[in-house]
Amino acid sequence: MDLPDNMFGFAIIPKTALRPNQQPYFANVSFALSPLSYTIFYIEQGFSVSEQWIPLGKRFSIWYVVFSISQNSLIESRIGVESANNPGAITWLASQWGYGKTEYLSGVFFDFEQNTRPVYFIANYASNVVYVDFVVFGVVEAII
């Protein structure tokens with residue numbers, strides 16, 4: 001593609017295979033969210049079904065997250081990080097507003113180090129109960 005001076009283009013090249021030191025990570029959570037309320041949540045124990053924190057010697061990268069609700073009304077979603085050294089203190093890395101759905105694609109802001117875990121937030125601005133469906137896909141990588 002030929003672009004005028006002072007302009008650039010880019011291409012997104014999907015990763016098609018995992019390296020030997022990587023394993024896929026997938027989680028899905030569904031729940032009801034009261035009117036005009038919010039919730040902060042984790043996956044099961046914290047990081048996963050069986051682990052509170054990202055294990056020593058590992059790193060976690062989010063490749064895709066979607067928050068969707070049962071109707072086309074306003075929501076706010078966030079992705080944050082919490083450290084085992086300072087539990088309860090959340091640093092928000094990204095925030096989006098949307099009607100019925102918000103999506104996050106991979107990026108450098110979504111790399112989590114050992115002894116941390118991702119934290120998720122959703123706010124319902126509708127005056128009735130909505131049903132949330134949350135999906136996260138990523139990769140857990142052994143640090144070599």
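Both arginine 117 and glutamate 82 are buried, where buried denotes under 20% relative accessible area, exposed over 50%, and partly exposed the range in between (1.4 Å probe, protein chains only). These two residues form a salt bridge in which the closest N and O atoms are 2.9 Å apart, a salt bridge being defined as a side-chain nitrogen of Lys or Arg within 4 Å of a carboxyl oxygen of Asp or Glu. The pair links distant parts of the chain, since arginine 117 belongs to strand 8 and glutamate 82 to strand 4 (residues 74–83), 35 residues apart. Strands (E, at least two residues) are DSSP runs, numbered from the N terminus.

The structure is a predicted model, in which local features require pLDDT of at least 70 and side-chain atom pairs count only at pLDDT 80 or more, whereas totals for chains, interfaces and linings use all residues. Residues are numbered from 1 along each chain as its sequence is written, and side-chain values use heavy atoms, with hydrogens and water left out.

Side chains of opposite charge can pair when their charged atoms come close. By the salt-bridge rule, the count comes to five. One of them joins the side chains of arginine 19 and glutamate 141, with an N to O distance of 3.1 Å. Because arginine 19 lies in the segment before strand 1 and glutamate 141 in strand 9, this pair ties together parts that are 122 residues apart in sequence. Arginine 19 is partly exposed, with a relative accessible area of 45%, whereas glutamate 141 is buried, at 12%. A further salt bridge is formed by the side chains of glutamate 103 and lysine 101, at 3.8 Å from N to O; glutamate 103 counts as partly exposed at 35% relative accessibility, and lysine 101 likewise counts as partly exposed at 44%.

Strand pairing was assigned where DSSP finds at least two bridges between two strands. Strand 9 (residues 130–142) runs antiparallel to strand 1 (residues 22–33), and 12 bridges join the two; within this pairing, phenylalanine 134 in strand 9 is the bridge partner of valine 29. Strand 9 also pairs with strand 3 (residues 58–69), again in the antiparallel sense, over 11 bridges, and here valine 139 in strand 9 is the bridge partner of serine 61.

An open sheet of four strands has the order 2-8-4-5, with antiparallel pairing. Its edge strands are strand 2 and strand 5 (90–99), each of which pairs on one side only. From one strand to the next the twist averages 15 degrees, with axes taken as lines fitted to C-alpha atoms and angles running from 0 to 180 degrees between N-to-C directions. Strand 2 and strand 8 (residues 116–124) run antiparallel and are joined by five bridges, and threonine 39 stands opposite isoleucine 122 in strand 8.

Isoleucine 40 lies in strand 2 (residues 37–41) and is partly exposed, with a relative accessible area of 37%. Together with Tyr38 and Trp92, Ile40 forms a nonpolar patch on the surface, with about 310 Å² of accessible area for the three residues together. Such patches are made of residues with over 30% relative accessible area and no salt bridge, like charges being joined within 9 Å and nonpolar side chains (Val, Leu, Ile, Met, Phe, Trp, Tyr) within 5 Å. Accessible areas come from the Shrake-Rupley method with a 1.4 Å probe, and for residues only the protein chains shown count as cover.
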